[in-house]
Amino acid sequence: FFSLLRMMYGAGYPPMALPPSASYPSMTPGTFPAGNFGQTSIEQWNAKQIDAFARTLAFVSQHSDIFSKFLASAGPEATIHVPFSGGFDEAPAVHRFLSPQLPASWRSVTLEATDVHLPQNMGYTSINDPKFRFSHRYLDLSKEKMPKCHLALGLHPQVVGFENDGWDRIIHEVVTGAEATLFTTWMKVECDKLVQMCRQLGCEVQSWQNPHALPEQGED
């Protein structure tokens, strides 16, 4: 089970009803066909992960206006913060999803990845696009403030089982620092906990189960 929380903080994002049923077509443009990254199993697995996350972002775009609002109002110099990012392996999928949609008037999109543990190799190093600026740095949101941004991508916050690691403060920093936030979680219990935390902070919340999760990842 891979569930999604789309969380919106503050005014300007009115409630929206989800359609009762829908089909979820493959994402075009920007889909990474599995196998195009070489013959090794690691490269093929990475391609599958990138493709799955690109489809996930397309699914969110179909069911909410979080990205259309971002594209309509965040330019010409937009900022996206990626807290607790790890290596930000999802960067190629984010780039491939957003790049064809950027308004011609936009000069740049800055994506800043932060975490308390940052690997030496980040997932965005292969991206060469003058409009996309990537960076990463140490930031402990349990003690420090998150920079203001147009959009936050909170990928897999460990809010269940690690409650003593300051997650209440971390989630507060994310939702108050961003105009809108998209969280992803691995398990439904994590999604339910995150929904509860965000509602207690006064957020408007929508959540979905992701139809593009990879069964090989062993989600509950």
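This report describes the fold, the helices and the cysteines of a predicted model.

## Overall architecture

The secondary structure of the chain consists of 5 helices and 7 strands. Read from the N terminus, the elements follow the order β-α-α-β-α-β-β-β-α-β-α-β.

Of the 220 residues in the chain, 48% are buried. Contacts between residues at least 6 apart in sequence were also examined, and 80% of these join residues at least 24 apart.

Helix α2 spans residues 66-73, and its buried residues include Ile66, Phe67, Phe70 and Leu71. Where do the buried residues of α2 lie when the helix is seen down its axis? They fall within an arc of 125°, so they line one face of the helix.

Helix α3, formed by residues 91-98, is mostly covered, with 7 of its 8 residues buried. These buried residues are Ala91, Pro92, Ala93, Val94, His95, Phe97 and Leu98.

## The packing of helices α4 and α5

Two packed helices are described by the angle between their axes and the distance between the axes. For helix α4 (residues 167-177) and helix α5 (residues 188-200), the axes come within 10 Å and cross at roughly 65°. The crossing of α4 past α5 is right-handed.

Which residues of the two helices meet? From α4, the contact involves Trp167, Asp168, Ile171 and Val175, while α5 contributes Leu194, Met197 and Cys198. By class, the residues of this contact comprise 6 nonpolar, no polar and 1 charged.

## Cysteines

A disulfide is a covalent bond between the sulfur atoms of two cysteines. How many disulfides does a search of the whole structure find? The search finds 0. Cys198 is accordingly in no disulfide, and the nearest cysteine sulfur, that of Cys203, is 4.9 Å away. A pair of cysteine sulfur atoms must be within 2.5 Å to count as a disulfide.

Are Cys149 and Cys198 buried or exposed? A residue counts as buried when its relative accessible area is under 20%. Cys149 has 7% relative accessibility and therefore counts as buried. Cys198 has 0% relative accessibility, so this residue also counts as buried. Cys198 is thus a buried residue that takes part in the contact between α4 and α5.

Notes: Residues are numbered from 1 along each chain as its sequence is written. This is a predicted model: local features need pLDDT of at least 70, side-chain atom pairs count only at pLDDT 80 or more; totals for chains, interfaces and linings use all residues. Side-chain values use heavy atoms; hydrogens and water are left out. Buried means under 20% relative accessible area, exposed over 50%, partly exposed in between (1.4 Å probe, protein chains only). Helices (H or I, at least four residues) and strands (E, at least two) are DSSP runs, numbered from the N terminus. The arc is that of the directions from the helix axis to the C-beta atoms. Axes are lines fitted to C-alpha atoms, for helices over the stretch in contact, and angles run from 0 to 180 degrees between N-to-C directions. A crossing is left-handed if the near helix is turned anticlockwise from the far one by less than a right angle, and right-handed if clockwise. Contact means heavy atoms within 4.5 Å. Ala, Val, Leu, Ile, Met, Phe, Trp, Tyr, Cys and Pro count as nonpolar, Asp, Glu, Lys and Arg as charged, and the others, Gly among them, as polar.
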